[in-house]
Amino acid sequence: MKHAVFIQTNHKQIVGAIVAEHALRRYSTNNDKFEVHIVNSRDYPFFLAREGQEYMRDGVKRVWLNEDLQSFTPTRFMPPELMGYEGRAVVIDPDVFACADIWELLNRDMKGKAVMARMRSGTKGLIDKAYASSVMLLDCAKLKHWKVEEQFNAMFDGDHDYSRWIGLRNEDPTTLEFIENEWNDFDKFTTDTKMLHTTRRKTQPWKTGLPVDWRPAERFRLFPPAAWVLRLRRKIFGEYGLMGNYKEHPDKNQENFFWGLVKECVEQGKLTEEFLRQEMKDNHVRHDALDVIARVPSLPPAPAHPLSTGNLAKAA
C-alpha cells in the first residue's frame with residue numbers, strides 16, 4: 001500500500017509548508033515508509049480562472065481571491081486524485097507542525113472508514129457537526145467521488161457551499177470517524193500534543209506585525225448583528241479594511257517551537273536567508289524573522305517531544 005503526507009499551501013504560506021515538512025521528517029523514525037508532498041494551489045490553473053468571481057460560503061456570496069491567506073483550502077481534497085485513488089494519505093494545513101511520528105497516524109486501523117478527522121471547535125462543531133478538514137487521514141480508494149476541480153467550480157454555480165464542503169458535511173456520516181484531538185491540537189501545546197495547529201490566524205508566529213490578509217467569516221448564528229457589521233465593513237472599506245495587523249503569539253512555547261524548526265531549516269539549507277528576505281519583502285513573513293532565528297533556543301534532539309525537557313520559553 002502506498003502512503004503519503006500532503007501539505008497544502010499557497011504562495012503566502014509556503015514557508016509554513018516547508019517548515020511543516022521538516023517537522024514531519026524530524027519526528028518520524030519511519031521516514032522510509034511514506035512520501036511527503038507540498039501541494040501549492042498556484043500549480044492548478046482552475047483556481048486562478050475563478051479570480052474575482054462570487055461563490056457560496058455559509059449561504060453568503062463571497063468573492064474568490066487567490067491572494068487571500070487561505071485560498072489553498074480546497075486543495076485539502078486533492079490527495080485521493082493525486083494518489084490515483086489508492087493507498088493512504090494524511091493531509092495537513094501549512095500551519096500544522098508535527099512533534100510526534102506521523103506514521104502512527106498514517107498506519108493506524110481505520111476500521112473501514114474513508115476519512116478520520118477531529119471535530120471543529122465552537123458552533124461549527126457543536127451545532128453544524130462540522131469536521132476539521134485541516135488534518136485528515138484518508139483511505140483514498142473510498143474517496144473516488146472527490147473530484148476537486150469539479151467541486152470547486154460548483155461553488156460558483158450555487159450548487160456547492162464552501163463551508164459544507166470544507167466541514168465534510170456533504171459526506172456520508174457513516175464513512176467518517178474521529179481522531180484524537182492531539183493529532184490536530186488547536187493552539188494547544190502540551191507534552192500530549194502530536195501535531196500543533198496554529199489555527200488562530202491573527203497570532204501565527206511568522207506573521208507578527210504584518211497587515212492581516214485573511215477574511216473573517218460573515219455568519220454568526222449566536223449573534224447575527226456581528227455578521228451584519230462585518231459585511232458592512234467589507235462593503236465600505238474593502239476585503240481587508242480595518243482588519244489591522246497580526247499580533248504576537250500569546251504562547252512563547254509555540255512561538256519558540258516554530259522558530260526552532262525554522263532555525264534548523266536554515267542550518268540544513270531547506271530555507272535560505274535570501275528566500276526568507278524575499279518572503280519578508282512580500283509581507284509573507286514577519287520583517288524581523290532573521291533576528292528571531294538568531295535568538296531562538298535550539299529544540300531538544302528528535303525524537304524527543306519539544307516540551308520533553310521543560311518549558312521552551314525558559315530557554316529563550
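**Figure 1. The open sheet of β6, β11 and β10 in the predicted model.** Three strands form an open sheet in the order β6-β11-β10, and their pairing is mixed. Strands of a sheet pair through backbone hydrogen bonds, either parallel or antiparallel.

**Figure 2. Pairing of β6 with β11.** Strand β11 covers residues 195-197 and is joined to β6 by 3 bridges. The two strands run antiparallel. Phenylalanine 97 has leucine 196 of β11 as its bridge partner.

**Figure 3. Helix α9 over the sheet.** α9 lies across both β6 and β11. Its direction makes an angle of about 75° with β6. The helix comprises residues 252-267 and also packs with α1 (residues 14-26).

**Figure 4. Packing of α1 with α9.** The axes of the two helices are 10 Å apart and meet at an angle of about 90°. Angles of 65 to 115 degrees count as roughly perpendicular, and α1 and α9 are therefore roughly perpendicular to each other. On the α1 side the contact is made by Ile18, Val19, His22, Ala23 and Arg26. The α9 side contributes Phe258, Leu261, Val262, Glu264 and Cys265. By class, the residues of this contact comprise 7 nonpolar, 1 polar and 2 charged. An α-helix has 3.6 residues a turn, so residues three or four places apart point the same way.

Figure 5. The 13 residues of α1 should span 18 Å at 1.5 Å a residue, and the end C-alpha atoms are 18 Å apart, so the two values agree. Of these 13 residues, 11 are buried, and α1 is therefore largely enclosed by the rest of the structure. The buried residues are Ile14, Val15, Gly16, Ala17, Ile18, Val19, Ala20, His22, Ala23, Leu24 and Arg26. They pack against the strands β1 (3-9), β2 (35-40), β5 (88-92) and β6 (96-98), and against the helices α9 and α10 (273-281).

**Figure 6. Glutamate 54 in strand β3.** Glutamate 54 belongs to β3, which covers residues 54-57. Its relative accessibility is 44%, so glutamate 54 counts as partly exposed. Neighbours within four places in sequence aside, glutamate 54 is in contact with Lys61, Arg62, Val63 and Phe156. Phenylalanine 156 is 102 residues away from glutamate 54 along the chain, while the C-alpha atoms of the two residues are separated by 6.1 Å.

Methods. Residues are numbered from 1 along each chain as its sequence is written. This is a predicted model: local features need pLDDT of at least 70, side-chain atom pairs count only at pLDDT 80 or more; totals for chains, interfaces and linings use all residues. Side-chain values use heavy atoms; hydrogens and water are left out. Axes are lines fitted to C-alpha atoms, for helices over the stretch in contact, and angles run from 0 to 180 degrees between N-to-C directions. Helices (H or I, at least four residues) and strands (E, at least two) are DSSP runs, numbered from the N terminus. Angles under 35 degrees count as roughly parallel, over 145 as roughly antiparallel, 65 to 115 as roughly perpendicular and the rest as oblique. Contact means heavy atoms within 4.5 Å. Ala, Val, Leu, Ile, Met, Phe, Trp, Tyr, Cys and Pro count as nonpolar, Asp, Glu, Lys and Arg as charged, and the others, Gly among them, as polar. The expected span of a helix is 1.5 Å times one less than its number of residues. Buried means under 20% relative accessible area, exposed over 50%, partly exposed in between (1.4 Å probe, protein chains only). Two strands pair if DSSP finds at least two bridges between them.
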